[in-house]
Amino acid sequence: MFIISFFVYNYDGYAQCAGDNNSITICNKETYNQGIGNPNGVVNLFLLLGGTPSPGGTWINLNSSGGLNTTTGILNTWQINQSGNYNYQYVNNTIPGCTNNTAIITLTLGGFPGVDNPSAVACDNNTSVPLFSFLGSSPNPHFNGIWTGGPAGSITGNFFNAEFAGVGTYTLTYTVPAIGSCPSRSANVALTVHPLPESGVASSLTFCETDDFTTLTNVDLFNLLAGEDTGGFWTDNFPTGEISGAGDSFINIQNIVANFGPGTYTFTYNVNPTHPICTPATSNVAIIIEPVIDLNGATLTLSPTPICFNELSTTPLTGTITQGASSIPDGTYDITYGLSGANNGSETVSVTFIGGTGSFTVNPAFVTTIGTTTVAITNVINSNSATNCTRIINNLNSSFTIAENPDATDTQISVANFCVGQNAQVNLTDINNNSVELSDDRYIITYILTDPNGQQTTQTTVIQVVNGNALFSLISSLTNIPGNYSITITNIQNEATGCSTTTNLNSSFIVYPIPDVSNLTISIDDTCSGDDVVVNLSNATNLTDGLYDIEYSISGAISVSNLTAINVSFTSGSGSFILPNSILVEGTSTLSIANFVSVTTLCGTATSSGASDSFTILPLPNTTGATINANNICILDIETITIENASSLTNGDYTLSYDLTGANNSNANSIVVTFINGSAQFDIPSILLENGGTTTITIQTITSNTTTCGSSDIATNPVSFTITDPGEPTLAANGNQFCIQDLPNPTIADLNANITSSGIITWYDAPTDGNSYALTDPITNGTTYYASLTDAQGCEGSSRLEVTVDLANCPDLFIPDGFSPNNDGLNETFYIKNIDIIYPNFELEIFNRYGNLVYKGNINTPDFDGKSTQSTILGNDILPTGVYYYVLYYNDATNKKPTQGRLYLSR
C-alpha cells in the first residue's frame with residue numbers, strides 16, 4: 001500500500017475566497033486515510049485547497065464521477081466506479097468583492113480490482129457465469145479492467161462460459177489498468193466448474209387394459225432409461241406401492257392393472273449433483289394402461305325428427321350416443337357414421353364423451369332429399385391412444401324423416417300498374433314450366449304491402465297452386481294513394497303439413513294519379529335555321545314523372561294546329577320535345593299547349609293553363625358565290641388569304657374554322673374576320689407554315705359572331721398555294737478545313753468557295769437572324785459560321801448550314817534552327833509560325849548545354865527572346881551566344897509525340 005500526493009499552490013494576493021488549485025493521487029483507496037476521522041477512501045476536499053479558502057461555498061463535480069457531497073466537499077471514492085483523473089471545483093460567491101472565487105482539486109484515482117476468491121464455483125451448463133460476482137461487492141471493483149485466464153474463447157467481457165470450458169478448476173485474473181503514477185492491479189478467482197447430473201432419456205410402455213400382463217410382473221425401470229448417471233433413486237408418483245425403497249427399480253405391471261385399472265402411472269428417477277451449484281436431474285417413465293372403447297349396447301338417437309327440409313339450414317341434425325351395459329370412458333374419439341335410404345354419405349367426426357354420452361352433428365351436405373334416412377355408427381377410434389383399444393360395433397343406428405317444404409325457387413310475382421280506384425290482381429308464375437318446384441296444393445301465404453309513404457301492411461290469404469301458377473286480389477282500400485308500391489311474399493306454408501318456407505318474392509307496381517299540369521310554363525330558345533327547335537316544359541310540379549302525349553298549335557311565321565308530341569318524358573315537373581323539321585320556317589312564331597295524356601297510365605287527360613311562348617328561327621350565313629384566293633410565298637413569309645364575292649353575307653364579324661393539308665397539316669384552326677360588302681382577308685400564322693411545298697386551305701365553317709349561326713357551304717372551295725424553301729446549302733467534303741500555313745489570311749470567300757450548291761450564299765454569325773458577313777471578312781479557327789441559300793426566285797432557305805472552321809489542318813510545323821536577338825529588328829525571337837493556331841495547348845521548354853532550364857512558355861507567354869525566364873546566367877538574364885536545346889510538347893487530342901531539337905542563339 002502506498003499513497004503519493006502532490007500539492008500545487010497558486011498565490012493570488014488579492015482577496016482570496018476559494019483558495020488555490022491543488023491535486024492529489026490515491027493509488028490504494030482501500031488503505032488511504034486523511035487522518036481526520038473519515039473512513040478509508042473518504043476525502044475532505046476542502047482541506048486540500050491551497051491558500052486561505054473561506055467556507056460557505058459549494059462544490060461542482062466537473063467529470064460527474066459520483067461520490068461527491070456538493071455541500072460539504074466530502075468525496076467518497078468508493079462510489080467512483082473506475083480509475084482515472086477527476087476534477088472538483090470549489091465555488092464561493094458569498095464574500096462581496098472577492099474575485100478569486102473558484103479553485104479546482106484534481107484527483108488521480110488508482111484502480112481497485114476487488115479481492116481474491118479461491119473458492120468460486122459454477123455448473124457446466126452455465127454459458128454466462130457473471131465473474132464480478134466472485135470479487136466481492138463491499139466495496140465493488142472498478143469496471144474498467146479486463147478478465148484473462150481459462151481456455152481460449154471461454155471469457156466474453158465479464159462473463160465465463162462454463163459449458164465451453166468444461167469441468168475443472170480455472171484461475172481467472174481481473175486486472176485494472178495503471179493510471180498516472182498508480183500501477184495496474186489484479187485480483188485472482190479460482191473457479192471450479194462442476195458437472196450437471198444426468199438422469200437419462202426416458203421411454204414409456206403403453207397397453208390396452210385387456211392385454212395379457214402375466215409376463216410383466218418384474219419389469220426393471222432402468223431398462224426404460226438411456227444414458228443415466230448411477231447412484232440415483234426411484235420414486236412412485238401414483239403411488240402404486242411398487243417401489244419399496246431407494247434401491248428398488250422393479251415393478252409388477254400386472255398388479256398395477258389389477259389394483260388400479262386403466263390410467264397413467266409415472267415413476268421418477270432422481271440424480272443429485274456433486275455440488276449444490278448444479279440442480280438435481282429427474283426423468284419420468286410412464287406406464288400407460290388405456291381403457292377399451294366399447295359402443296356395443298349403446299343407443300343412438302337423432303333429433304329433431306321429423307323435420308321440415310328448410311329447417312336443416314338453421315337447425316342442426318344431432319346424433320347422440322348413450323352408453324349401454326358397457327361404460328364409455330370420458331374422452332374424445334373419432335366416430336365414423338354412414339347414411340342410407342333417402343340420403344347417403346359417410347364421414348368421421350370427433351365426438352367428446354362425458355358421463356357416457358357424446359353428440360355430433362350430421363353433415364348438412366349429406367341431407368339433400370326428402371324422405372326417411374338411417375344413420376349407422378360403423379367405427380370408433382381413440383386418436384389419442386397408442387394402441388386404439390376398441391371393439392367392433394354391431395347394430396348401433398337410428399332413423400330420421402325430412403318433410404317437404406314449399407319450393408318457390410322458380411316462382412315470381414307480378415302486379416300490373418293501374419290507376420287510383422281500380423282493382424288489382426297479384427299473379428304467381430313458375431318461370432320454368434319444364435320443372436315446376438311449387439307442388440299443386442293449397443298454401444297460406446303472408447305478404448307485406450308497402451305504400452308510397454313507406455307505410456307497411458301485413459296480410460295473409462289462401463291460394464290454390466295449379467301447375468306452378470296462382471293469383472289473388474289486393475284489397476282496393478290499401479291502394480288509394482297514387483305512387484310507387486311494392487309487395488313482398490315473405491312466407492309460404494303448406495296448409496296440410498304445416499311446413500313453411502321463408503321467401504322474398506317481390507314486385508313493384510305503380511298506382512298512377514290523374515295528370516295535373518295547371519302550373520306548366522313553356523320556354524323555346526331562338527335557333528339557327530336547320531337546327532332543332534326544342535320546346536322546354538317546366539313547373540308542372542304536380543305532374544307524376546313519366547311519358548306524355550302533348551297536343552299543341554303554332555301561329556305566326558309557322559301556322560299549324562292539332563299537332564301531337566309523342567312520348568314526351570317528364571321528370572320533376574319538366575320535359576321537352578323537338579318540333580318537326582318539316583314545319584320550320586325562318587321568322588318568329590308562337591307555340592301554345594292544348595292537352596296532356598299519360599302514355600304510361602292512360603288514366604285520363606288534363607287541360608293546361610294556356611301556356612305559350614314565342615321563338616325566332618334565324619338565317620345561316622350565306623356564302624353563295626364566295627371565292628378564296630391565296631398567293632405562292634417563300635418560306636417564313638406571311639400568307640394572306642382573301643375571300644371575295646360573298647355578296648349575300650351580312651356585314652359583321654365572323655369566326656372561320658379552317659384546315660391545312662399537304663406540305664403543312666393542321667385542323668380546326670380558328671380566326672375572327674370582318675366581312676364588309678362580301679369581302680374579308682386574314683393571315684395564316686407562320687407557325688402553321690413551317691414546311692415548303694404545296695399546301696391546301698379548306699374553310700370548313702363560317703359562324704356569325706352576332707347570331708352564333710354557322711354554315712359549311714364555303715368548304716366546297718378549297719385553295720392551294722406553294723411555299724418555296726430552298727433548304728440548306730451543301731459544303732464539299734472537308735470544306736471547313738484549311739492550313740493556316742498555306743492560307744495565311746483566310747476569308748469568308750475561301751469558305752464560300754467550298755459550297756457546292758447553286759444559288760446565292762449568305763454567311764451569318766447565328767443560326768437564325770444574326771449579322772451577315774462580307775466575303776472579305778476574315779475567318780478564325782474554331783469559329784462557327786452559318787450559310788443560307790437563296791434561289792433564283794429570291795427565296796431564302798428556312799435553315800442554315802452550320803460550319804465550324806478548322807485552320808489547323810496542316811501536315812507539320814516549320815521550326816527555325818536559330819535566331820539573333822541583337823536589336824536589329826530582324827529575327828529577334830525564336831518564333832514558330834502559327835503554332836498558336838495549330839497547337840493552341842503547346843508548351844515549349846529551352847535548355848542550355850548544361851541541361852539547365854532557361855525558358856518555359858506557352859500560348860500566353862512572350863516568345864523566347866534570348867533572355868532566361870527560369871535562372872540568371874548573365875546580367876539582366878541575358879543568355880550568351882551558343883547552342884541551346886528545345887523540347888516542344890504539342891498537347892493535342894492525338895497525343896502527338898513531343899519534338900526535340902537544337903537552335904543557335906547569335907548576338
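## A pair of strands and their sheet

F847 stands opposite Y885 in β62, and strand β60 (residues 843–847) pairs with strand β62 (residues 882–889) in the antiparallel sense over 5 bridges. Pairing here requires that DSSP finds at least two bridges between two strands; strands (E, at least two residues) and helices (H or I, at least four) are DSSP runs, numbered from the N terminus. The open sheet holds 5 strands in the order β59-β63-β62-β60-β61, with mixed pairing, and its edge strands, β59 (818–819) and β61 (853–858), each pair on one side only.

The model is predicted, with local features needing pLDDT of at least 70 and side-chain atom pairs pLDDT 80 or more, whereas totals for chains, interfaces and linings use all residues. Residues are numbered from 1 along each chain as its sequence is written, and side-chain values use heavy atoms, without hydrogens or water.

## Nonpolar cores

A nonpolar core is a set of buried (under 20% relative accessible area, 1.4 Å probe, protein chains only) Ala, Val, Leu, Ile, Met, Phe, Trp, Tyr and Cys residues joined through side-chain atoms within 4.5 Å. In the largest, of 37 residues, those touching the most other members are W763, L813, F830, L844, I846, F864 and L888. Apart from it lies another core of 28 residues, among them I293, I328, V351 and L396.

Leaving aside neighbours within four places in sequence, L888 is in contact (heavy atoms within 4.5 Å) with residues including L813, I815, F842, L844 and P898.

## The whole chain

The protein chain has 4 helices and 63 strands, and 40% of its 907 residues count as buried. Its C-alpha atoms fill a box of roughly 135 × 135 × 75 Å along the principal axes.

Conventions
Buried < 20%, exposed > 50% of the residue type's maximum accessible area, 1.4 Å probe, protein only.
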